[in-house]
Protein chains: 2
Amino acid sequence: MPINQQSYAYGTQKSSIREIAAYAGERKAQIGAENVFDFSLGNPSVPAPDAVRASIEKSLALPPTQLHGYTPASGLPVARAAVAASLRRRFGEDAARAEDVYLTCGAAASLSISFHALLRAGDEVIVIAPYFPEYRVWIEAAGVTCVEVLADQKTFQIDVAAVERALTPRTRAIIVNSPNNPVGSVYASANLTALADVLRAAEKRLGIEVTLVSDEPYREITYGVEVPWVPALYGRTVVCYSYSKALSLPGERIGWVLVPPTSPEHDELVGAVAGAGRKLGFVCAPALFQRVLVDCVDVPSDVEAYAQNRRALTEGLTRLGYEFVEPDGAFYLWVKALEPNAQAFFERARALELLPVPSDSFGCPGWVRVGYCVSREIIVNSLPAWEKLAQSYR
Amino acid sequence: MPINQQSYAYGTQKSSIREIAAYAGERKAQIGAENVFDFSLGNPSVPAPDAVRASIEKSLALPPTQLHGYTPASGLPVARAAVAASLRRRFGEDAARAEDVYLTCGAAASLSISFHALLRAGDEVIVIAPYFPEYRVWIEAAGVTCVEVLADQKTFQIDVAAVERALTPRTRAIIVNSPNNPVGSVYASANLTALADVLRAAEKRLGIEVTLVSDEPYREITYGVEVPWVPALYGRTVVCYSYSKALSLPGERIGWVLVPPTSPEHDELVGAVAGAGRKLGFVCAPALFQRVLVDCVDVPSDVEAYAQNRRALTEGLTRLGYEFVEPDGAFYLWVKALEPNAQAFFERARALELLPVPSDSFGCPGWVRVGYCVSREIIVNSLPAWEKLAQSYR
């Protein structure tokens with residue numbers, strides 16, 4: 001067959017998350033949406049803030065050739081400046097300059113571009129399991145090996161000793177995803193500092209220069225916990241961001257890659273990021289939504305809606321005796337399956353119309369991810385089914 | 001240096017087109033925009049039709065979670081159906097079904113995705129020179145060899161005999177770009193049929209299955225010439241399209257890949273296209289502009305504005321004794337340089353504030369590309385400089 005087999009495999013071996021979401025869609029059509037407790041996707045349930053709509057309406061007054069024309073590949077200068085100014089206000093005067101910011105078509109593009117900018121054939125990238133399964137796809141597409149290192153299974157912080165053991169002369173990058181999908185944990189400063197120390201030691205010991213790729217789409221969605229600014233703890237970092245969750249714009253594909261001033265390969269990496277975007281076929285980030293950033297970069301996320309969902313779900317499941325990781329951020333609850341086989345647990349849940357995602361998809365046995373970016377009713381109405389599920393194991 | 005050297009090279013060795021455009025920007029700031037005759041870019045000078053704005057305003061009434069949410073990776077079913085229905089109305093009942101259409105972030109994404117879906121390391125792709133220089137970037141990024149075959153230098157149709165000589169057991173695809181950038185030629189049915197015959201013969205002779213990648217962003221911009229529907233002449237075709245030129249939306253990144261029903265590897269290729277989009281980091285095409293397609297897929301392009309520019313430029317240059325290829329479509333004039341060295345000719349032009357693009361950038365010596373997607377005044381006011389340039393060679 002004259003086609004690319006790797007692409008065919010990625011196109012036909014669907015992700016579990018997408019498969020469960022597709023099943024949920026069919027099931028809702030069969031028995032009514034209110035009877036299916038679909039916790040599968042990370043599609044924000046909170047609407048985009050009104051400021052987004054106001055910004056779009058304002059932009060529509062511009063001459064269309066200016067509004068919809070090509071922007072520079074790295075983005076409109078005014079949008080890059082707005083992002084950088086916001087980062088400086090939040091993380092200090094040295095956090096970012098406009099020229100360090102490269103606007104992208106969302107976090108997936110930010111990560112894919114970062115990997116193609118950094119990595120060479122034969123390199124290894126470490127992911128902290130459980131992890132967002134698309135990481136593996138993008139890493140392997142860059143011709144590189146994805147190495148899984150399990151998080152500390154009690155705290156779900158990075159198991160720094162385990163990362164140290166996994167380092168090899170080929171290790172080139174580590175993905176740090178905090179707040180974490182699927183667990184909801186936020187890596188503490190002390191945890192990241194310990195990781196940084198190990199990497200600095202490895203630089204001498206193994207002669208490797210390891211970059212942290214900090215994937216931060218959930219940075220704004222936290223519950224009373226501060227998310228450390230990674231470049232301040234370890235200079236050799238690239239930050240990947242998206243407005244999919246912060247502004248509830250996942251379909252519009254708008255985000256950025258930051259090569260911070262702390263990066264020892266700053267200028268080379270800025271060049272490589274631009275080249276990676278070019279060679280992958282990203283001409284520029286969508287122009288209209290670049291302008292939305294200028295107006296909305298500091299508009300707060302509606303965290304309270306997710307906080308209420310989190311409370312309803314965690315209180316309900318606690319009452320029923322479930323174990324879970326108390327989430328510091330994001331909108332997922334990582335719930336211990338009631339048997340070692342998460343897939344079998346999922347099948348029992350499915351029979352009760354409960355649709356979480358089994359943890360095997362995230363590179364880790366024995367749990368399920370419950371996405372609470374849904375309506376409050378779905379959470380409340382699902383509790384009797386969670387109760388039946390628990391009873392079935394007694 | 002721990003970065004990807006290919007990406008660094010693509011990010012720092014800028015395209016000539018972009019370099020000339022950047023120079024034009026600086027020069028305009030120095031001596032006033034009205035004194036610089038910038039013919040470098042293919043940024044449409046015609047505004048997006050009013051229907052685009054009306055469609056966006058209509059969409060803003062939708063619930064934001066629905067409007068800005070993730071769409072399926074291949075696009076909203078309603079948008080794919082609108083594109084397919086339009087193709088059927090124009091090219092016959094068998095032209096396309098909704099499930100054959102995969103929405104993308106513009107033509108660059110369509111091409112990059114098609115190459116990553118089709119090609120395997122070691123393959124060769126033929127481009128007809130002169131050609132859009134980014135083709136080589138995307139082809140090489142897929143790990144594949146770009147083979148240049150010169151177009152017939154009188155007619156600028158495909159030199160089918162030259163293509164036949166260039167076929168090898170590794171030939172896997174040929175890019176067909178009609179209306180053509182940079183020449184403006186439209187390949188005639190007879191020309192494409194002759195190419196199809198050669199490819200069918202090669203299938204038996206060399207055992208190769210060659211796919212035509214038909215890159216058609218300029219399909220709607222023609223001057224009394226019909227653009228053949230390639231899959232009707234050769235089944236093993238993939239069509240790449242964009243609304244950048246048709247609807248003047250280049251910054252918004254919206255287009256599609258079509259695997260037509262005629263494709264002998266249809267189902268496998270549909271899978272590989274989805275997988276290529278996934279692995280490159282394209283999650284979905286921008287959601288708001290997917291909805292714009294539903295409303296605007298059949299809105300006619302304002303060709304008359306470009307036709308008037310074309311007339312002003314060709315009449316003016318004819319009067320001054322320049323030779324050029326009469327363009328059938330697109331918005332570029334391919335003008336013979338007045339000396340064999342196009343770069344030297346460009347330097348003389350630049351001294352007169354005339355900024356076309358020398359043909360070496362397009363893989364062909366001795367010409368310049370004059371983009372007439374500019375204001376009428378720029379064309380008219382540039383004629384004295386073109387006259388001085390011609391005089392300087394007498």
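Reader: What makes Arg348(B) count as lying over the face of Tyr393(B)?
Author: Arg348(B) is 3.9 Å from the ring centre of Tyr393(B). A charge sits over a ring if NZ of Lys or CZ of Arg is within 6 Å of the ring centre and within 35 degrees of the ring normal, so that's the test behind the label. Chain A has such a case too: Arg348(A) lies over Tyr393(A), at 3.9 Å.

A quick word on the ground rules: this is a predicted model, local features need pLDDT of at least 70, side-chain atom pairs need 80 or more, and totals for chains, interfaces and linings use all residues. Residues are numbered from 1 along each chain, chains are lettered from A and ligands numbered from 1 as written, and side-chain values use heavy atoms, without hydrogens or water.

Reader: Why is the pair of Trp334(B) and Phe362(B) called edge-to-face?
Author: Their ring centres are 5.8 Å apart and the planes meet at 80°, so edge-to-face it is. Rings of Phe, Tyr and Trp (its six-membered ring) pair with centres within 6.5 Å; planes under 30 degrees apart are stacked, over 60 edge-to-face, the rest tilted.

Reader: How do you know whether Trp334(B) is buried or exposed?
Author: Buried means under 20% relative accessible area, exposed over 50%, partly exposed in between (1.4 Å probe, protein chains only). Trp334(B) has 0%, so it's buried. Phe362(B), also at 0%, is therefore buried.
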